[in-house]
Amino acid sequence: MTDLGNIALWITLLIGAWGSVVGFVATKQRRPDLARSAERAIFAMFALLVVASAGLMHALLAHDFNVEFVAAYTSRNLPVFYTWSAFYAGQKGSLLLWALVVSLFGTAALLVNRRKYPELTPIVASVVAIVITFFVATMVFSANPFERLGYTPADGRGLNPQLQNPGMVFHPPLLYLGYTSISVPFAFAVAALITGRLDTGWLHAIRKWTLLSWLFLSCGIVMGMWWAYVELGWGGYWAWDPVENASFLPWLTMTAFLHSVMIQEKRGMLKKWNIGLVVLSFLLSIFGTFLTRSGVISSVHSFAQSNVGYFFLIFLILAAGASFTLYAYRWPVLEAESKLESMVSREAAFLFNNLILIVIAFSVLWGTLFPILSELIKGTKVTVGPPFFNQVNVPLGLLLLLLTGIGPLIAWRHASTGNLRRQFFWPVAALLVVAIGLVAVRMSDGWAIGAYALAAFVVATIVQEFVRGTGARMRLHHEPMPLAFARLVGRNRRRYGGYVVHLGIVMLFAGFAGLAFKSDTEATLKPGESVEVKSPYGHTYKLTFQGVSQYEQLNRFVSAATLEVYRDGKYEGLMRSEKRQHLNSLGQPTFEPSTEVAIRSDIREDLYLVYAGSVQGTEQSVFRVTLNPLVWWVWYGGMVLVVGGLISMWPGGGGPTAASRRRAEPAGYVAQVTG
Amino acid sequence: MRARTKFIIGGVLVLGTVGYLMASGIKETGVYYLTPSELAAKVNADHSFYNVGVKMGARVVNGSITRDVATQTITFRATDGAQSYPVVYHGLAPDTFTDGVDVVVEGRLMPDGTFRATTLLAKCASRYEAVPPPTGATPTSGPAAARSAT
């Protein structure tokens, strides 16, 4: 089975080499038979990669420790759930997963689009084939997951305990899905550039794909934050680490694209910009992978240094060179059909939104690469930390939040004073009420006040849209309110799904702003002793240490510290933080001990407890207690965002036809509801 | 054309502000990232380099870690092979911090030659991937042997 997987990989490489070329030839010579062949190459590669993945999965589940990858990442006593996830715990397996997912998306994109866009799909097939071939070649020549050892170890090395967490089971594949699915929009952009069919057709083909990649990437990032929060024990979820930044960069450019694409659809502007954003998103996803896997930037998360990085660097340079050459070649064709008419218009709001997203991306990239840049220029490495990123991004983020409220409501072309008054009276009132209220209760952090006031502004714009839209339907169609509301959303999914996404973003911002009020307390306690911490809401938590119990569980030896929690004197329950020493199948310790944090979370704040260890020979134990206000909002904001994205994407309402029907109308909700 | 000009002016304003924020951010928060040898060279060339915030990337010398849980103080030696410094860190160490790992410490080199760290990051390469054993180190256990066979 394992050998079959290896053979499948080699055949994929051969078919990939054919598929990489044949689509271009088919387009040049107008040969439908070759075009079919290009598509079939993708289908075949997908089938072969499924076989290869099944081969690796089989080796993992059968504990075939003769396979180096299996020996390096699993052991006999690893729970099956994590044996399964060990597939992508290491470099080699994750490359296979990556190739598999690209081929899956390529297959799906071809099946969906080949009838609608027959002139684009052969090239799309070839571009996708090139991407898959690159990954397969990297595996075959540098990191083959099927590589065998010269002997068979009795047991494997086991999976790093920090990866034995449900968050880590879902976070990497979601992130990969996000990274890889950008290949499809990129392939369409290249196809549009090569064929010169640069009307909005290719945009319709990829808008939903980009939204899909964006959703996967968002899920992956939030899931990664959650994993860092519950597993790493430092009390936060985002540290501006290079690897985190690498996933954030394409997210930013894709967010920019999802907005600017609307301007092109409505007004025929920003054609160059949009193609540029798609190409840039793809290159940034490859760049992010390069950063993670090459070790050029020191990160806490690095994969081991290996020559896989060179493969990525070469691929990145070739892809960037090819796409920019094409881009320059088609530059004259990409003229805008209309011009910006007023600064007080939706176009201008969207342009600023794009500008800010790109500037954020640039500053994050700059900060991430600064150690390299400073070494090149000044000869010494200078690093910048979270303060740099926060200083630059907090003001930009708030500006973006403001535009989140303005953009969807302001009129296209030129907003009249009447339009402004009608749309923004209540939101501005909400902003002022919240700002004054927070100053009145003496909130100490200016940026946080700004964030909450702007959050109120955006929420007010969203609520107003839903209320007015529902009201209009109730009047015009004589529908009861729940039905009117459901139909309003159901018939304009893209628009109202977008509002729900914005609501999720506001919740995320509210959570981020809560970081301003985070506090840490360290305490050394004997059983029976307590530590008190004050929360920003004025509550006093008292934690009384009960003692440490020790026992064996699954594949680990656990020391668990239990504390009683009281809030303002009222008993709230027990918290238990653990130190886990993982064991191999002979019962010997393996890996360093890992910490299991205890979290009591509610809508207002998280009480986050870390048991740091006991002083040897005494009864004293050391704890860190962190009060993290509003972290709940980050996780639930992420969920709301995903729900909104799914509403927008759901096939049917709000598609291209609805968009073209609405093309000529002004930005009012009534016309859209009746239209 | 007017709107376009206004947009460009607005854009330049945004870019200018961001440029300023980035420049000042780097100036205020940027710190040198040095190996122990580079740090020694800097300090020897310019004594005012003591007590200046820097980041040092180094490897923990095997067996040098002492932990005083009661005062939450960790001391160890950090080396790059040529130069080493004793490091004192107050706080909780990450789970991955142990003998022989690569660490990044942020803090100050004191005139007495100890490095007072305010943050301690352990760069556990084995989090995702097995590290090749450093040259000269002998593979001890089964898994290490498995690695050397690759």
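Predicted model: local features only at pLDDT ≥ 70, side-chain atom pairs only at ≥ 80, totals over all residues.
**Entry 1, sheet.** I looked up the strand order in chain A and found an open sheet of four strands, 2-10-9-8, with antiparallel pairing. Strand 2 (519-525) and strand 8 (598-601) of chain A each have a single partner strand and stand at the edges, so one side of each has no neighbour in the sheet. On average, neighbouring strands of this sheet are turned by 15° against each other, direction ignored.

I then checked how strand 2 of chain A is joined to strand 10 (residues 621-629) of chain A: the two run antiparallel and share seven bridges. For L525(A), I noted S621(A) in strand 10 of chain A as the bridge partner.

**Entry 2, pocket.** I turned to the second largest pocket, with a volume of about 670 Å³. Its lining has 20 residues, and those nearest the centre are L270(A), W273(A), L351(A), R4(B) and F7(B). I sorted the lining by class and got 13 nonpolar, five charged and two polar residues. Which helices supply at least two residues each of this lining? I listed helix 11 (271-294) and helix 13 (346-378) of chain A, together with helix 1 (2-29) of chain B.

I looked at helix 14 (residues 386-406) and helix 18 (residues 493-514), both of chain A, which pack with axes 11 Å apart at an angle of about 150°. I recorded the crossing of helix 14 and helix 18 of chain A as left-handed.

How values were computed
Residues numbered from 1 in each chain as written. Chains lettered and ligands numbered in written order. Heavy atoms only, no water. Pairing = 2+ DSSP bridges. Axes fitted to C-alpha atoms, helices over the stretch in contact; angles between N-to-C directions. 1 Å grid on protein atoms, 1.4 Å probe; cavity = no way out; pocket = protein on both sides within 12 Å on 5 of 7 lines; lining within 4 Å. Points joined across faces, edges and corners; volume = space filled by probe spheres on them. Nonpolar A, V, L, I, M, F, W, Y, C, P; charged D, E, K, R; others polar. Left-handed = near helix turned anticlockwise from the far one by under 90°.
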